[in-house]
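My notes follow, entry by entry.

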Amino acid sequence: MGCQHGRAVPRLLVSTLAAILSIGTAFASDPAASTKKTWSSQVRDYAFQSLNDEHALSMAAIPLNGPGIEQYINADALMSPGSILKLVTTYAALETLGPTYHWDTNFYTDGELVGDTLNGNFYVDLGGDPKLTIERLWSTLSELRGMGISAINGNLVLDGDVFKLAEGLPVFDDNGNNPHAPFLVQPSPYLTNLNLVHFQVRADERGTQAWSAPSLNDVVIDNRVTAAAEGPCPARRNFDWEPIFHDDHRVTVRVTGELPQGCRTTAYLSVLPHEQYTASLIRSLLTDMGIEISGKSLLASTPEDARLLLKTTSPDLVTMVRDINKWSSNVMARQLLLTIGSEYRLDDDEDDRVAGIRVIYQWLQDKGVNTAGMVIDNGAGLTRHGRITARQGAQILQHAWNSDYSADLMASMPLIAMDGTMARRLRNTGLDGKGRIKTGYLENVRSIAGFTRDDTNTTWAVVGMVNNDPAWNGQAVLDRIIYSLHHRPPTGTTLSQAPTSGTEIR
């Protein structure tokens, strides 16, 4: 979900680990050299060698609870941040909505129960839940069977009045070849199950079988995968998933490729509009439970005199924030921004995205953060227009460190070399679990933001952004910053002669 890119790019041109470890080798081989250049100068020089542009890297590192010298490189340059912008949205949500905030989805009727039949419409009043999963919907709807209901003689009506989106949603200019990819799913008042269908194909002695979850009447699989003799299982990129859209709004997903026996291939796709997906999902679940619904699927407001039948409540905001930051969920972050806007909507507000951005700017300004030039856009970082400076990002992290909810925010961030989007980075460097870092990835953008400890147990707030065409070596540069802060922190002894005021080095 967090993969945010415009086109496929080759792997790093250099070995990330080798590049990171080279700083330790350089220090060890020439200790005197470390007294000649400041920590920032060494990082800046390495970044220039890797990126061939002295302005491609923006960085800020600030010690929070121990000795150290603030370090800045191009720290006031407005940069495209990628997904590290999610930290701003989730931190703002924790403080403005509160960690126990939750979303309710209510089910109403305007009819009456006669025997095992509900004579009336079945209303689903959606509350903007970022993660209303198929499991929670099944658990809630199954209560209808417990009530003895086996038929609904009325329409299925979806109520999406929770959000106001008069100005629409900004479109991400993606130049990839898969507009149905999970990371491109838009927020919506009708969002359920992340609007995704999980397709699978398995090969065995009978040939190949294809299925999807959830199984929706509006989505059909055209399985053209051929079975082959047993052998190594191929990568997912060897299969082509092609959605074909019909005039009746149904979708056929054609899959082609060759699959050895005993192997399986999968894909997650978003192929239906949110309201159609949700209606089809609810109908599918009711059918599985043996409940027939006779009417149409409609969009309308819930009548004021409708009676509450069922209710499902989301996990708390802390749980949602963890999902957003660990796995960089774009749609959940964008849904969260809309929620902030809807909760703090003013009488003349016509768009909850715009209102949410206004609330976050005001919240930051109240903390003394200079928001000049900052562009939040959609709250997820999946944008070509988003901007922030490394200094602004570091200041926000300083406030987060002292927040009443600092533990909740930090627990949501990926652990170095252990989980989330940092699971495969900085392995075998002695940094496992030594920091919590949110990552960002866009075409020509690589970024990090979070907290990391040095070998004296001082915690640093660090923000680094690489904007470069191409940015393939950006990950190595940013990982080197984290590695250097741990093993050779700028403490003012042998590594840095920079003034304690943290003068910026451009």
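**Sheet.** I began with an open sheet of four strands in the order S4-S5-S7-S15, with mixed pairing. Strands here are DSSP runs of E with at least two residues, helices are runs of H or I with at least four, and both are numbered from the N terminus; two strands pair if DSSP finds at least two bridges between them. Strand S4 (112–114) and strand S15 (292–293) are the edge strands, each pairing on one side only. I then checked S4 against strand S5 (residues 117–119): they run antiparallel and are joined by three bridges. Leu113 stands opposite Leu118 in S5.

**Ground rules.** This is a predicted model, in which local features need pLDDT of at least 70 and side-chain atom pairs count only at pLDDT 80 or more, while totals for chains, interfaces and linings use all residues. Residues are numbered from 1 along each chain as its sequence is written, and side-chain values use heavy atoms, with hydrogens and water left out.

**Disulfide.** My search of the whole structure for disulfides (cysteine sulfur atoms within 2.5 Å) turned up one. Cys233 is joined to Cys263, S to S 2.0 Å, and the link is left-handed, with -90 degrees about the S-S bond. Cys233 lies in the loop between strand S11 (219–228) and strand S12 (240–245), and Cys263 in the loop between strand S13 (251–260) and strand S14 (264–269), so the bond ties together parts 30 residues apart in sequence. Is Cys263 buried or exposed? Cys263 is buried, at a relative accessible area of 1% (buried is under 20%, exposed over 50%, partly exposed in between, with a 1.4 Å probe and protein chains only).

**Aromatic pairs.** I counted five aromatic pairs, taking rings of Phe, Tyr and Trp (its six-membered ring) with centres within 6.5 Å; planes under 30 degrees apart are stacked, over 60 edge-to-face, and the rest tilted. Tyr91 and Trp363 have ring centres 4.7 Å apart and planes at 75 degrees, so this pair is edge-to-face. Tyr91 is in helix H4 (residues 85–96) and Trp363 in helix H10 (residues 352–366), so the pair ties together parts 272 residues apart in sequence. Both Tyr91 and Trp363 are buried. Trp401 and Phe451 make a tilted pair, 5.8 Å centre to centre with 40 degrees between the planes. Trp401 is partly exposed at 24% relative accessibility, whereas Phe451 is buried at 2%.

**Charges over rings.** Last, I looked for NZ of Lys or CZ of Arg within 6 Å of a ring centre and within 35 degrees of the ring normal. The charged end of Arg391 sits over the ring of Tyr72, 4.3 Å from its centre, and that of Arg480 over the ring of Tyr46, 3.8 Å from its centre.
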